[in-house]
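Biologist: Please put the structure on the screen, and then let me ask about it piece by piece.

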Amino acid sequence: MAAEIAQLLLAVIQGIPGGATNDDLTKALSDMSAASRVEGLNVLLKQGSIEVLKKGEKLIYRAKDPQKKSALPKDADNEEKIVYSIVEEGGNKGIWIRDIRMKSNLNMTQLNKILKNLETKKLIKAVKSVNASKKKVYMLYNMEADRSVTGGAWYQDQDFEVEFVDVLNQQCLRFLQMKREGAEKKRDGPLAFKQMSCCTVKEVHKFISDLGISKVNLDEDDLETILKTVVYDGSAERILQSDGTYVYRAVNLPLPAPGLVQMPCGICPVIKNCSNCGDVTAINCQYMNDWLE
Amino acid sequence: MSADYAHLCSSILEQCFGKVVQSVADCLFSATTRTLSQIVNSTHFSRKEVMLALAVLIKFRLVNFEPSKNNPFLPEYSLRREDVICLLRYSRYIHLVQTKYGNVGASIAEELLNAGSETATGLLLKCLSDGENKAESAETYRDTFIKMIADHYIIKIPELMTDNESEDAVPRFQTNECDFFVPPNIDLHLLAQIRKGEATLSKALDGAIVWSLNYDRFHQEFRDDIMRLAMERKLGENAAECFSFILNLIYNTTDPWQRKASNQITFVEIKQAIERKSNNLELMKFLDQYICLITDDSLGFLRKVGDMGGGQYLVDMEKAFESLALACVESVITERFGSKAARIFRVIRFKKYIEQEDLQKEAMIPAKEAKSLAYNLFQEQFIHVKVIKKPGGGGSGPAKAFYLFQIKEKDTVRMLLDNCFKSLYNTIRRSNYEKSEHKGLIEKSQRLDSIVETMKERGESDEYIAEIVETFTPPECEILKKVKHRIKTLSKAEMTLDDTIFLLQMYQHHCTTLPTGIQKFK
């Protein structure tokens, strides 16, 4: 009997995508008594096919996506359901344990138990954030973590892969320089030379993908960040095009190594302490001795 | 003026003029002006010695004097601190003149530098009697001298005012702007007479007109060279040639030491100049493209300001030297802290203000390393931190603050310049030390050389000479070789260091409003 009522109610609720209020239900099913309606709604809530929302003073019943609820096994208890739904809300950015506790109003021990339980059931997973190494965030098990959490292609288990970035940086630079050399050979005037030595991100992307040095799939945004580091190394220039995109080209430094760094004083770590007296002087300087030998 | 610069000046002056001048200059360095008795008191030299030292400094245009404000009969002396470092650039000046005017010009410049300042007749006399270029006639010397004046490499020092001698106890100078480069009248006949000993130098009519090298003109040439070289490295030879034509055109209408930017020139003017003087076909063919390239380049040497005459351009000195000085700072950072640190520096430069977290993301450097590099740079004053505090917080917890990295170029350059001064001082000091440490050895070898020389002249037998040479033992020889090598390395370092100093000084001249060594004919 209750199941039938529930089916009727669900049909009505599903018919109103924004969610049905109590008034909607009484209007649609006018022959149903209030008591049996409550009973039916409770059945639906228990099944997890609808959810209750509060809008102002009114309660709204909304049908849930049947695919979503299927992830949670039938035997899950209420607390688990709540925690699961909170984690679900967190999406691919994940949610911090403290926020779960605040939202669910569960105490710490209980929450820990539930989270552990859900983790062993492979319903949710804990992901370490790259921004704060001690901060664990939870998200659904089958969710791909957001770039802001994992740090994108440059992180392996929240460790920044320095070598990988360095290799890419060198390869990008090599590509830009190759392009420049290629342009130098053709003598079509300076402006043509400049244009030919410019590379778009797409070209660099193709070059890097063809090289096959990366196991991870790199997209163009990733390469743009790498190209920016080449620019920050002073080996390339970033030029704004008229259509709002950027192109890159290899350039030479405008100055040869300055005279200051050709002698030890220019790179001396203790130059601040160097004076006529004391432990650091030009006469007993070890750097100077090595240099003059 | 920093303490480092004071040390440097002191040691340069000691090297050039000796102890007395050094202490007189030290005394003047630390004060705006001093009177003679004040100098005598604080240096503990006799009045006569101090007077002589002052005379030398005045002759080399390193000291100015003016009547005191309170007492018109009392002269006050002041040191031209910025010019002291020019003493180290003498070899560069001579080299420049050598390439422009050949050996004759070089010997004129050399005599002029050795004398500090000199009358035209006196100078030519010295050059002729020097005898290195005996083949050259007095006319060649005179013509080169006049040519150098016309090109502003030599300048007339303001004449003493002689008309109202009754009034002034302290001599005054007559400064007349249009008079600086008027060619003198040199009496070659008298010159010949003096050389033969039939007349004396005091008979020369130009005794009151004294000439000296015009440092500013040389510095202008050095500065243009820096810019031209940068252009060549970045955009190739043709662009560099094009740019040097532009610079020459600019000087027709602009004071070369105008601080921010030059006056404007048009494309047509540039084209005409290049067509007239250059035979670089490729440059002529692609001239508009080269100009466009130089204008678009990130160094920012040239700026387009209008469309008149095919495009109006001006040379942006401020931007140019900002780019160059920062490039210099960046390479210093690369050498001193590694390329990752240079990357961090550039990130901050491009972003103006940036937080620690964003910094490491932008530079793609692991957090720990980025932090340590940034803090190192901060500690050595290459970068600075700006703190933005959020008001309030109201006692509960600490007030929120943002720490943003930024670059204060002027401070960084100043710091680096002081470092250069210190390094230069160190090389001089070390070189002096090496010389005094092995003084005996160096003197011995010199003595030996002169003995061998005279023996060869007397025609002594080779065996005997070899015997004498052998008194200089192999270990001694070894040490001497080492010491000579050290001194050579140090003096080479002095030269290259001065390049950096010059570049940074140019930055200070063009990008700040600080007073600099460029005095414009004072």
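Modeller: Two strands are said to pair if DSSP finds at least two bridges between them. Helices (H or I, at least four residues) and strands (E, at least two) are DSSP runs, numbered from the N terminus. This is a predicted model, in which local features need pLDDT of at least 70 and side-chain atom pairs count only at pLDDT 80 or more, while totals for chains, interfaces and linings use all residues. Residues are numbered from 1 along each chain as its sequence is written, and chains are lettered from A and ligands numbered from 1 in the order in which they are written.

Biologist: How many bridges join β9(B) to β11 of chain B?

Modeller: Strand β11 of chain B covers residues 312–315 and runs antiparallel to β9(B). B:Thr266 stands opposite B:Gln312 in β11(B). The number of bridges between the strands is two.

Biologist: Which strands of that sheet are edge strands?

Modeller: The sheet is open and has three strands, in the order β9-β11-β10 of chain B, with antiparallel pairing. An edge strand pairs on one side only, and this holds for β9 (265–266) and β10 (302–306) of chain B.

Biologist: In β3(B), which residue is the bridge partner of B:Arg34?

Modeller: Strand β1 (residues 34–35) of chain B runs antiparallel to β3 (residues 75–79) of chain B, and two bridges join them. β3(B) also pairs with β2 (residues 63–67) of chain B, in the antiparallel sense over five bridges. For B:Arg34 the partner in β3(B) is B:Tyr77.

Biologist: What share of the residues of chain B count as buried?

Modeller: A residue is buried if 20 or more other C-beta atoms, placed from the backbone, lie within 10 Å of its own, exposed if 12 or fewer do, and partly exposed in between. Chain B has 22 helices and 14 strands, and its C-alpha trace spans about 90 × 65 × 65 Å along the principal axes. Of its 522 residues, the buried share is 34%.

Biologist: How far apart are the centres of domain 2 and domain 4 of chain B?

Modeller: Domain bounds come from an automatic or database domain assignment. For chain B the assignment gives domain 1 (3–79), domain 2 (86–213), domain 3 (218–315), domain 4 (320–407) and domain 5 (413–511). Taken over C-alpha atoms, the separation of the centres of domain 2 and domain 4 of chain B is 54 Å.

Biologist: How many residues of chain B do residues of chain A contact?

Modeller: Two residues are in contact if their C-beta atoms, placed from the backbone, lie within 7 Å. On the chain A side 35 residues take part, and on the chain B side the number is 43.

Biologist: Which helices of chain A each supply at least two residues of that side?

Modeller: The side of chain A that touches chain B has 24 nonpolar, eight polar and three charged residues. Ala, Val, Leu, Ile, Met, Phe, Trp, Tyr, Cys and Pro count as nonpolar, Asp, Glu, Lys and Arg as charged, and the others, Gly among them, as polar. The helices are α9 (162–185), α10 (190–197), α12 (220–232) and α13 (286–292).

Biologist: Which orientation do α10(A) and α14(B) have to each other?

Modeller: A:Pro190, A:Leu191 and A:Lys194 in α10(A) meet B:Gln289, B:Tyr290, B:Cys292 and B:Leu293 in α14(B). The helices pack at an angle of about 45°, with their axes 8 Å apart; axes are lines fitted to C-alpha atoms, for helices over the stretch in contact, and angles run from 0 to 180 degrees between N-to-C directions. Angles under 35 degrees count as roughly parallel, over 145 as roughly antiparallel, 65 to 115 as roughly perpendicular and the rest as oblique. The orientation of α10(A) and α14(B) is therefore oblique.

Biologist: Is A:Lys122 buried or exposed?

Modeller: A:Lys122 lies in the loop between α7 (108–120) and β5 (124–128) of chain A. It has a positive phi of about 60° although it is not a glycine. With 9 other C-beta atoms within 10 Å, A:Lys122 is exposed.
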